[in-house]
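Please open the structure in your viewer and keep the selection tool at hand.

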Amino acid sequence: MQRERVADDIYVFSSELYAQVTAGAVITSEGAILIDTLIFPEEARAIKHFLETRLDCPIRYVINTHYHADHTYGTCFFKGAQVVSHARCYELLDTRGRAGLEQAQHSAPELRGITLVLPHLVFDSGVLSIHLGNKTVELTPSPGHSPDSIVALVKEDRVLFAADTLMPIPYFVDGSYDDFVASLKALRNGGYENVVQGHGEVVLRGEVETKIEDDLAYLASLRQQVEHAIERELPATALDDIHIERCGKSRIPLNGLVQELHRTNLHALYSELFARRNSYR
Ligand SMILES: [Zn+2]
């Protein structure tokens, strides 16, 4: 796991075991607020050790930005913390999350120490502010990557934890294309100092607006090319010719995993638009 300090009181932890997924900690005079918890016990324990032993800062809140395993499995190592999420996250953890964990534990013995933790405090809409010590963390719904996604803004530092609303390529297969576009647009002109992506490198102040516009351009290009394939009545297999570069993104980030995400995006959007077109007929 890599650790980076993005502001005086804010640390980012990036996994070296799974898809450069990130977690973050906001250090306050009354304890820490942890945003996401990574997936493997070894790395979650390393975060705990760093905060509680090295910094002597007890973890008071854990925020689950959405129910996906890579963001929530470590939650069980932070007993005593209040776990906060969107209301849909609670439901999805209790259903899909529970089933997914059971399955994962069959194939990955290193996950057997994980227990599912359901959030203690949830919100549905608007903004939920957590005031702790000298810091305020504002949680806002940001659906698209998944229905329950939220982003977390550290107000005093203008550092945004964008979760998977920002990652090397937008990935909406478990959520909705239209919601993703709306959530990206909502991040425009936020005046952020740094933006922590759910996966990959931290985006610095001068790069944030370009990153958002690049992602919107990718989504627009993807849609245009999928619509074109549907208009020409091409089969879904023709989507394999729409390479990631044709939609304006590199194939390199996340050790090439982005190509698989792109391919899944194409197929999900094709199914959605194809079904929509047929329902109009
Ligand atoms: Zn993720």
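A pocket is defined on a 1 Å grid over the protein atoms alone as an open set of points with protein on both sides within 12 Å along at least five of seven lines, whereas a cavity is a set of points where a 1.4 Å probe fits but cannot get out; lining residues have an atom within 4 Å of a point. Grid points are joined across faces, edges and corners, and a volume is the space filled by probe spheres set on the points. The model is predicted: local features need pLDDT of at least 70 and side-chain atom pairs count only at pLDDT 80 or more, while totals for chains, interfaces and linings use all residues. Residues are numbered from 1 along each chain as its sequence is written, and side-chain values use heavy atoms, with hydrogens and water left out.

**The second largest pocket**

Select Pro-168, Gln-197, Lys-211, Lys-249 and Pro-253, which lie nearest the centre of the second largest pocket among its 13 lining residues. This pocket holds about 280 Å³ of space. Its lining draws at least three residues from each of domain 1 (2-205) and domain 2 (217-280); the domain bounds come from an automatic or database domain assignment.

**The largest pocket**

Now colour helix H2 (69-72), helix H3 (87-107) and helix H6 (257-280), each of which supplies at least two lining residues. Helices (H or I, at least four residues) and strands (E, at least two) are DSSP runs, numbered from the N terminus. H3 gives the most to this lining, with four residues.

**Thr-37**

Select Thr-37, in the loop between strand S4 (31-35) and helix H1 (41-54). Is Thr-37 buried or exposed? Its relative accessible area is 0%, so Thr-37 is buried (under 20%; exposed is over 50%, partly exposed in between, with a 1.4 Å probe and protein chains only). The side chain of Thr-37 reaches the backbone nitrogen of Thr-75 at 3.1 Å, and a polar atom of that side chain lies 3.2 Å from the backbone nitrogen of Gly-74.

Conventions
Polar contact = N/O pair within 3.5 Å; in protein donor to acceptor, adjacent residues only side chain to side chain.
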